[in-house]
Amino acid sequence: MGADVTLTDRQELLPLLRKNIAVNALRERADALALEWGCDETIEALGRNVEFDLIVGSDLLYAPHSFSELLETIVRLSTPAHTEVLLAYPTRYTEDIFLEQASDYFDEIECIEVEPTIYVSRLKRRALS
């Protein structure tokens, strides 16, 4: 029972992710891999032979200049009509820019305030037409 989980971050942060996996006795269910937004090599390595049911991102919507790379990465790793995306973020007044860009590929199912000024948006990858 349970899910297999792939944690991602920049290459230099993988040792910390792997340490957290080990400390929490999750080696059989979790792995840590490098992912650079918009980088063909890391996106292809991560998405090879895998269909992700859920992509979760925390505090990713802080830099509008990187939204196109972030969106490209999420789109390429998601499966039309299948993958859901959960994005948790504090209010920075830039998140609407990303969510508007994402609306070309995803339907926003819900957005809830989980704490004052902390939100979670739930998106569903739209089927290809």
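Predicted model: local features only at pLDDT ≥ 70, side-chain atom pairs only at ≥ 80, totals over all residues.
**Entry 1: helix α1**

I began with helix α1, which spans residues 14–23. Which of its residues are buried? I found L14, L17 and I21. I then looked down the axis of α1: the buried residues fall within an arc of 65°, so they line one face of the helix. On the face of α1 turned away from the buried side, I noted the exposed residues P15, L16, K19 and V23. I next asked what the buried residues of α1 pack against. The partners are β1 and β2.

**Entry 2: residue I21**

Leaving aside neighbours within four places in sequence, I listed the contacts of I21 as L7, L26, R27, A30, D31 and A32. For one of these pairs I also looked up the backbone spacing. I21 and A32 stand 11 residues apart along the chain, and their C-alpha atoms are separated by 8.2 Å.

**Entry 3: helix α2**

I turned to helix α2, residues 40–47, where the buried residues are T42, I43 and L46. Why do they lie on the same side of α2? They cover an arc of only 100° around the axis, and this places them on that one side. I recorded β1, β2 and α3 among the elements that cover the buried residues of α2.

**Entry 4: helix α4**

In α4 I found E95, F98, L99 and A102 to be buried. Seen down the axis of α4, these residues fall within an arc of 95°, so they line one face of the helix. The face turned away from the buried side carries D96 and E100, which are exposed. I noted that the buried residues of α4 pack against α3, β4, β5 and β6.

The largest nonpolar core here has 20 residues, and F98 and F106 touch the most other members.

I went back to F106 to list its contacts. Not counting residues up to four places away in sequence, F106 touches L71, I74, V75, S78, V85, L123, K124, R125 and R126.

**Entry 5: positive phi angles**

Most residues other than glycine have a negative phi, and I therefore searched for exceptions. Just after α1, A25 takes a positive phi of about 55°. Just after α2, N49 takes a positive phi of about 60°.

I found another case at A81, which is not glycine and has a positive phi near 60°. A81 sits in the loop between α3 and β4, the latter covering residues 84–90. Is A81 buried or partly exposed? Its relative accessible area is 47%, and A81 is partly exposed.

A further case is T117, also a residue other than glycine, with a positive phi near 70°. I located T117 in the loop between β5 (106–115) and β6 (118–125). At 45% relative accessibility, T117 counts as partly exposed.

**Entry 6: the largest pocket**

Rolling a probe the size of a water molecule over the atoms shows where empty space is left. How much space lies in the largest pocket? I recorded about 1000 Å³. There are 35 lining residues, and the closest to the centre of the pocket are T6, L7, T8, L35 and V56. I then sorted the lining by element: β1 (5–9), β2 (30–34), β3 (54–58) and α3 (67–77) each give two or more residues. By class, I noted 20 nonpolar, five polar and 10 charged residues in this lining.

Methods:
Residues numbered from 1 in each chain as written. Heavy atoms only, no water. 1 Å grid on protein atoms, 1.4 Å probe; cavity = no way out; pocket = protein on both sides within 12 Å on 5 of 7 lines; lining within 4 Å. Points joined across faces, edges and corners; volume = space filled by probe spheres on them. Helix = DSSP H or I, 4+ residues; strand = E, 2+ residues; numbered from the N terminus. Nonpolar A, V, L, I, M, F, W, Y, C, P; charged D, E, K, R; others polar. Buried < 20%, exposed > 50% of the residue type's maximum accessible area, 1.4 Å probe, protein only. Arc of directions from axis to C-beta. Contact = heavy atoms within 4.5 Å. Core = buried A, V, L, I, M, F, W, Y, C linked by side-chain atoms within 4.5 Å.
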